[in-house]
Amino acid sequence: MTADLRTYLAHVELPNPVLTASGCGGTGRELAQFSDVHRLGAFVTRSITMAPRAGRPTPRMAETPSGLLNAVGLQGPGVEAFLERELPWLAERGARTVVSIGGGTVTEYTALARRLAGVDGITAVEINLSCPNVEDRGRVFARDGAAAAEVVASVRAATPYEVPVIAKLSPDVADVVAVARACVDGGADALAMINTPVGMSIDVDTMRPSLAAGTGGLSGPAVRPLAVRCVWQVHAALPGVPIIGMGGVTTGRDALELVLAGACAVAVGTALFHDPYACPRVLRELEELLQERGFDRLADAVGLAHRPAGAQPRTRTDLEESSL
Amino acid sequence: MAGSPVQVTGTVLTTRRVDAYHALTVVAPGIADRFRPGHFVTVAVGGRDSSMLTRRAFTIHDVKPDYGGTVELVFGVRGAGTAWLADLRARDTLDLVGPLGRPFPLPRDPCTCVLVGDEHGAAALFALADALQQRGCRVDFVLGAPSADRVFGALRARRMGETTTLTTEDGSLGMRGRVTDVLPGVIADARADAVYACGPMEMLRGVTTVAVEFDIPVQVAVEESMACGIGVCMTCVVPVIGDDGVTRMVRACTEGPVFRGERVRFDDVGTIPFDALGAPGGRHA
């Protein structure tokens, strides 16, 4: 008996809850050398921008204990090249594609959403809100509930109703629940968290910052407790909103931790750099763990850690007894 | 599929010290079968539950058919990851992904090639020399390092090469100086038709300058720090001029590590050139 791993992002059904995290799966072709992209719950693209972007200078990466600092700077070919070369390839392979979008102004996000509207092969649109807002002295949208909500509302308005809009939140805020609530009020159908918190490392040999950009986003198991906390808080406040949990997921146990905190889907990011087979492995491990614990539906485990201490988990056995 | 990489858990067959370096032979038939000179592999370091998340990339020194196929990696201890690798013993297992990257293109007709290597970068040259000689090419080696114990493969180069020129910065072996100091002489004497080079960026820049002066093709294998090696992390980018004349930030792991030397903008490595595709404020933005 295999567990039912289907999950829903708003009304869109995914066959399983394991996704790639934005910016960690390349164009999909790189991972396809190792495992089929259509076996993913969904493939999340790197953040697509309007114009091509060369990104940040190197060094762009520094390893930290159980973590990775990166400052890639959204290098990408721009939306036109993405639609011409990358999306059709993913659609051909049968992948469900979540297109992540990034911009410097509300207008740019809106223009991207308009460009993507009506294009075949887009399962959902994810808004990368951790981009500097050029109209607000470079403060990232995700740090300001009102700015985030404005982006979400305008992207939602420009996106066809059948395509869910996902807001990706940053943990670098005083109150993640307030930003989450603002995004949902702005029309977000689902939330993704966490984007990388900003970190820094200094090379003591050169006595300079390790990254050319100075600071970078910290990812990997080092940030997992931060992710679990954010998912927990937001799920407690907004239990009806689907959450894609991410942050340092490397095993099925890590995925289950986020599911128990309230995530209905889990994205694998930095682990893909370490193990290109991470997604199918995490899925297999998650399924085994669910079965060991007597779940036959993933949905029964979502947010289960919120039940009062001492309460029994809802299991199949309970349901059978109650239906007698 | 010849080119597609595989992930394997290989068993360490032998470990040995080669002067200042460590060499590790690992049973990995899937990688050995697909290997072509210039390919590299990445390894996961630190074992299960390692706190080191990035994979370490190494060029393949040698491929042998024993035990279904083995690959040999050569490395110097530079940090916690390479120290862990250096502590591996025979029968330990190692997680490898490979072969990765664009291999060295080989000339269609027999010609004379100068192979230039700096420190353990020279490790990548011997499989290449073998492939060139099988095509009837003449091979000349130029190997360099800061000191004698860090010149890699001098003996094997002497055995394989028509000539072998060694340089050390402290003069402890061969000529005092750098590989680029002796390269013009070697190219002229051998009447070389092509140059292949492997080593740090600074040395590749010098080699490319010399080859351009002689107006002969030069293929360089760059060493840029990588996190994944498979093309998803976007951290190993170098500015390279494409066929269309446009400079792009391309991944050393996927579009490289081997590039035509004159296409790599060595002066701009570590920056985003203002005229690169998508550069901030650039003409394409």
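Two strands are taken to pair if DSSP finds at least two bridges between them. Helices (H or I, at least four residues) and strands (E, at least two) are DSSP runs, numbered from the N terminus. The structure described here is a predicted model, in which local features need pLDDT of at least 70 and side-chain atom pairs count only at pLDDT 80 or more, while totals for chains, interfaces and linings use all residues. Residues are numbered from 1 along each chain as its sequence is written, chains are lettered from A and ligands numbered from 1 in the order in which they are written, and side-chain values use heavy atoms, with hydrogens and water left out.

In chain B, an open sheet of mixed pairing is formed by 7 strands in the order β10-β9-β8-β7-β11-β12-β15. Its edge strands, each pairing on one side only, are β10 (175-176) and β15 (258-260) of chain B. Strand β9 (residues 164-168) of chain B pairs with β10(B) in the parallel sense over 2 bridges, and the bridge partner of T168(B) in β10(B) is R176(B). Helix α3 (residues 125-134) of chain B packs on the sheet and touches β7 (112-118), β8 (138-145) and β11 (194-198) of chain B; contact means heavy atoms within 4.5 Å. The direction of this helix makes about 170 degrees with that of β8(B). Helix α6 (residues 201-214) of chain B lies across β7, β11 and β12 (218-221) of chain B and runs at about 175 degrees to β11(B). For these angles, axes are lines fitted to C-alpha atoms, for helices over the stretch in contact, and angles run from 0 to 180 degrees between N-to-C directions.

In chain A, strand β5 (residues 61-64) is joined to β6(A) by 4 bridges, and the two run antiparallel. They form a hairpin with 2 residues between them, and S66(A) in the turn has a positive phi of about 55 degrees. The bridge partner of T64(A) in β6(A) is G67(A). Strand β6(A) is also joined by 3 bridges to the antiparallel strand β16 (residues 215-219) of chain A, where the bridge partner of N70(A) is G217(A).

The loop between β6 (67-70) and α2 (79-92) of chain A contains V72(A). Residue V72(A) is buried, with a relative accessible area of 11%; buried means under 20% relative accessible area, exposed over 50%, and partly exposed in between (1.4 Å probe, protein chains only). Not counting residues up to four places away in sequence, V72(A) touches G55(A), R56(A), R60(A), C233(B), M234(B) and T235(B). G73(A), found in the loop between β6 and α2 of chain A, is buried with a relative accessible area of 19%.

Helix α3 (residues 106-116) of chain A has the buried residues V106(A), Y109(A), T110(A), L112(A), A113(A) and L116(A). Seen down the axis of α3(A), these residues fall within an arc of 160 degrees, so they line one face of the helix; the arc is that of the directions from the helix axis to the C-beta atoms. The face turned away from the buried side of α3(A) carries the exposed residues T107(A) and R114(A). Among the elements covering the buried residues of α3(A) are α2, β7 (97-101), β8 (124-128) and α4 (145-158) of chain A.
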